[in-house]
Structures are given as structure tokens and as C-alpha cells.
2 protein chains.
Amino acid sequence: MLGAFPDGGRQTRARRYSGPINTRIVLARRPVGWVDEGCFATEDVAEPEIGPEDVLLQSVYLSLDPYLRGRMNEGPSYAPGFALGAPIVSRVVARVIASRNARFAVGEHVWGFLDWAERVRVPRGEGLHKIDPALGRISHAVSVLGMPGLTAWIGAIQIGQPVPGDTVYVSSAAGAVGQLAGQFAKRAGARVVGSVGSEAKRAHLLARGGFDAVFNYKTTPPDEALRSHCPRGIDVYFDNVGGTTLEAALRHANAAARFPVCGMISAYNTEGDAGIRGLQAVLTKRITMTGFIIYDHVHHLPAYQARVAPWLRSGELWFDEDIVPGGLAQAPAALVGLFKGEAMGKRLVQVAPE
Amino acid sequence: MLGAFPDGGRQTRARRYSGPINTRIVLARRPVGWVDEGCFATEDVAEPEIGPEDVLLQSVYLSLDPYLRGRMNEGPSYAPGFALGAPIVSRVVARVIASRNARFAVGEHVWGFLDWAERVRVPRGEGLHKIDPALGRISHAVSVLGMPGLTAWIGAIQIGQPVPGDTVYVSSAAGAVGQLAGQFAKRAGARVVGSVGSEAKRAHLLARGGFDAVFNYKTTPPDEALRSHCPRGIDVYFDNVGGTTLEAALRHANAAARFPVCGMISAYNTEGDAGIRGLQAVLTKRITMTGFIIYDHVHHLPAYQARVAPWLRSGELWFDEDIVPGGLAQAPAALVGLFKGEAMGKRLVQVAPE
């Protein structure tokens, strides 16, 4: 995965400032269908200066997540869209490099929804969350111990409610959310089946453990795979992709199945909407399909972290981070690659050393 | 509505018995797409004789319900399919005309899942439910105080959970379930909007009360109607029809909306499945879509009857029965008409006087 972005620096670099420079990445044009690197531009801007109560941060890790695709559109999704010409914003892990705020000391690590920039000024330190280094790696604050992890927990456990004997099917199973959703369901006693988009991911997931079966949806038709790997049908389908995968899950669902809907990435990057066929199964099989957005569940984060951090430390739970090196300039290509299914685990861009 | 079936007796009448005759209606051929009367045949068969512990019934009211369409197919739905050449079965209100069973006395009324026949022998009286005449009209046992009523309650109240200030949209609002779903939501304090398929139904529902607005989906595009009648969006969509109506409801849904899915009649009678577009709204609006089948909720029936029967007696709740006269021979045409949207309220076929 790493180093797979030879075109990473191709996007326009606009120089419109000649003093001490900071660099940021902005939305240059809205994507139509698939995102390409031309949707982004790298800009040199003034080095931020901080006023009273402000905090200055050095970005360390940008969190790249599928939901960012929705924010690149004009229309509303569950998060507001990025403005044209304005910086891309995502969860970012950063280090305090200057502070005029008593709550933040130089050298501390924080995360927040921040501009994709080398350095960011945060007025009054608002919206920043301190990272407890005792919990795990600092990147975990935006991955396994952050929103992707909580997303997996809420969907797989709170909405899915698997019990021993149930079969849980997870799509995008090698992704940040999928790998955890599968492991959490497995801990609950379920048979867990995952689908991925490459042989490498399939082999990797099987080797990592936590999944009873993994199939490559690009080489095995979902119907065939679900028939053979879910012989007793599906009780929980953790939907990360929508589309024909959701249609197959509807066909193989058992009565009273739960479908936590976490993502429909198959629809994010395509203009058309072919429609979901066979939705009558919701009625005939009395399925409950529950869309959920993690913003509604953030109050569970401390309890989630308290439960899951020990499993991570003990090695009972594994988690893959796919850290793209090469600095901020790699972010556009890394995001394009994420939408293409390149990432093995949670994708982050390393902007600076920890 | 009544008397609208000039072709009611057109179907094949098979005489294969020459003794005392009983008449029944069987599935003559499986429908492809829309049902027509040629799917049914009327047969003369031997008059049933009863043995020890048996009960002999005279059918009084056949209950005609949309779910019967699914049972006419070969493939499994939530109820098993009818066999070719075997009688159609539905809920039937009947009078005991002979009994060798101590639990049932001649003259009592019962309901059960019974063959569509003039007279039916019930071995050991199994599966029969006595009708308490104190609760209401005997037909109510298969309508407002039976499964259609409980279906409306479970969907509108238990799954929909409307609160004052919510907007509840009900499709097929003049149907047996829809008219009650709307009234129950209204009692819960919601603004209630219904859609129907004719001007007559629209005028009737508005005159009957319990709905704040009613539109005719055949003359007003759902998007336009929902925009004007649900200015604050939809919090509960009680889905009886699926299809493009469901798509419109997804577009107009509020965050955290509940979609009890009770029927998808638009898909029952068509061969193709165009697919539901815009299902991503389940995710972006964190909608919960819950398919439900009333068989899972029958244990609530006594409590439901206890709550609702007084409202019916006091006139706080209204309920329309669309009783088709003319005897058993009218049943095929009456069912075809139900699928075409002819019924105004709960459709029953009167086989014999009460």
C-alpha cells in the first residue's frame, strides 16, 4: 500500500504569498463520480500567528475516511459540504507547538476537526480533544479508540445485537470499521464472514484472525459466497457499501435480521443510483435496517475506550493502520486511493513525525 | 364499491360431484404480475360431514387482505404459498352450524384461517377463535379488533413512536390498516398526512377525520404533496406500498425518522423490481426502517382490543368496512378489485347472513 502514489504531488500548487509559508490543501473542484487528484490544490499561505488564548498546532496524522466523499459534494449529507477553494477538513492528530492557552501545553497531542495544513491556529483551542498517551498510540485517537472504533462497536454490538450462534456478515471487512466490527461480533460469539476487494486483503484478514470466512467480492459473486459461508443465513449485516452487496445480504438474511447501515460507499462515487432491488425482504423477513451516524453516539466514547483499550494492549484485539508517508502532499492521492479500495485498515497520512 | 363486479361469476365452475354439494374457491393458476379472475375456479365438492370432536361452520365473512397476493406465488413469502388446485385460505368469520365438540355450541361465531367455502369442517375445532360479541360487530374480529387493527397499532405506535409535534405520513391511508394507523398517530398528537389513490377516498378520509391532510398520489406528485403537507418533514412513514412512494418519503424524512414497513403492495403485483433509489438517506438521515409481520405480535391482541374497543364504542375511533355482498362467488372479483385499489376500508365478502 505504502508508496503507491507516484502522482501524489501532481496537483496545482498555487503560490500567492511570499512571506514565511504554511501549506494547505483545498477543494479545487467538485468531483463528478469518482474523485481524482485534480479535485485538490496545494496552496502556500501565510504562516499562522497566534493571539491570546490561541493554540498553534503541527499536524501529525490526517485521518482519511469514506465519509469525506459526501462532504466534497455540494448537496447536504450528514456533514456540511466543503466550500470550493476552502481547505479540506478532517479529524487530525496534532502536536501543540505554541500555546497562549493555559489548557494546552507545548508538546501535548490533541485531535480535532482541522484544516489539512502543515500548521493550524486554533482560536482559544476550541474543539480540541487531548489525547491520553496512556491509552495507546496517538494515532489510535482517530482510529481504533476513536470514531471508526466506536462506529464498529455501535453498529456491530448495539444495533446488531449478535448472540452466540448468529451469523454476522461485514462488508469492507478490511477497512478501519469493518475489521473491528468483525472482531467485536466474533467476541460476542457469532460466526463472522467478511467481504473484501482483493486477494491480499482476504489473505491478510484470514491470517489476522477474528473472521471465520472472508471472500473477495471481485472474484466470487456475493450470492455464491454467502450461500457457502453463511449456510444458516445472515442475522446481522454490517453494511459499509450498499449497492449489490446490500441486495445480496437482503436475499440471504434470516427472519428478524438486523442491518446496521454505516456506509454506502458504492453510491458515494457514482453519479447514478441504480436503486436497491429486493427491498421487500425488509417486510417479508421483518428486517430492521438502521442507519446510524457516529455523531449521535459520541457520548459512548469514554466507556468504549475503557472497554476496548485493554483488549488492544493485551493483543486480544488487532488493528491495522495504513499510514501513508511523505507528508501533506500525499493526502490527495491517499484519499483517492482510499475510495478505490487501496487501504489496508485505517488510512492516515503522516504529515510530520510524532 | 358494492356491486362493482359484473364478472364475478365468470370463473370456471367444475362439477365433479353429484351428491349434496358444498362450494369452494381454489387457485386455478398462478398470477404473473396482476391477478385476474382467471386465477380462481369455483368447485362443487362433497358436503362436509363431521366426526367426533369436529365442528361444522357456515362461512359468514371472508377477510380479503393484500398479503394474500404473496401467497398466490410459488416462492416463499412470510406465509406459505397456496397449492395449485387447493382452496384459497384467509381469515374467515363463521357460525357454528353443527358441533360434536364441547367447546363450541351451535350459533356461536368464531374466526380462523379457513378455506374459502360455503361450509367448512374443522377437525376437533382446532385453530378456531371464539368471537366475543360484547366487543363489537362480529366482522370486527378480522378487521378493526383483529389483525389489521393490531398491525396499524404496532406500526404506528410501537415502531413509529410518534410524539406531539411529529409528522406522520401514511400511504394507502383509506385501507384497513392505513385509516387506523393515521387515527392512532393523531391520537398520539402527531400531524397526520395520508395518501390515497382516488378523489373519492380523499374526500371520504377528510370528511371522516383523523387526518390533517390527504392527497391523491395519482393526481399530485408525492414530492409536491409532501413538500406542501409536511412542511417540517416526515418523522414517521408508515409504508404500505413501497416503490416511488417510499422513495419520496426517504427524500422528505427528517433525521432519526422511523419507517415501519407494513406492506409493499406496489411490488406485489408487478413482475419487475425497479429498485428503491435514494436508500442512502437511511444512512445520511439515520432512519430506522423496520419490517414487521403481525404474526410476531399476536400476543398483544388482547391488550390492543381492551384499549381500542372502548374508543370504537364511544365513536372516538371510526372504521370503514367495505362489505361485498353476493356470496362466495364474488370473492375472486372482490380480491382482484382490492389489488386494484377499489376497496374503501377493510374489504370483506359476505358469504351468508350473520
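This is a predicted model: local features need pLDDT of at least 70, side-chain atom pairs count only at pLDDT 80 or more; totals for chains, interfaces and linings use all residues.
Reader: Do the copies meet through the same surface or through different ones, and what percentage tells us?

Author: Contacts involve 29 residues of chain A and 29 residues of chain B. Interface residues of chain A are also interface residues in chain B, so the copies meet through the same surface, and the share is 100%.

Reader: How much area do chain A and chain B bury between them?

Author: Carbon and sulfur atoms account for 62% of the buried area. The total buried between chain A and chain B is about 2400 Å².

Reader: Which residue meets B:Asp296 in a salt bridge?

Author: The rule finds 2 salt bridges across the interface of chain A and chain B. In one of them, the N to O distance is 2.6 Å, and the side chain that meets B:Asp296 belongs to A:Arg286.

Reader: Which element gives the largest share of the side of chain A that touches chain B?

Author: On that side, α7 (265-268), α8 (281-284) and β14 (288-291) of chain A each supply at least two residues. The largest share is 4 residues, and it comes from β14(A).

Reader: And what is the bridge partner of A:Thr290 in β14(B)?

Author: Nice one to look up in the structure. β14(A) and β14 of chain B (residues 288-291) run antiparallel and are joined by 3 bridges. Within β14(B), A:Thr290 has as its bridge partner B:Thr288.

Technical notes
Residues are numbered from 1 along each chain as its sequence is written. Chains are lettered from A and ligands numbered from 1 in the order in which they are written. Side-chain values use heavy atoms; hydrogens and water are left out. Contact means heavy atoms within 4.5 Å. Buried area is the accessible area (1.4 Å probe) that two parts lose on being put together, summed over both. A salt bridge is a side-chain nitrogen of Lys or Arg within 4 Å of a carboxyl oxygen of Asp or Glu. Two strands pair if DSSP finds at least two bridges between them.
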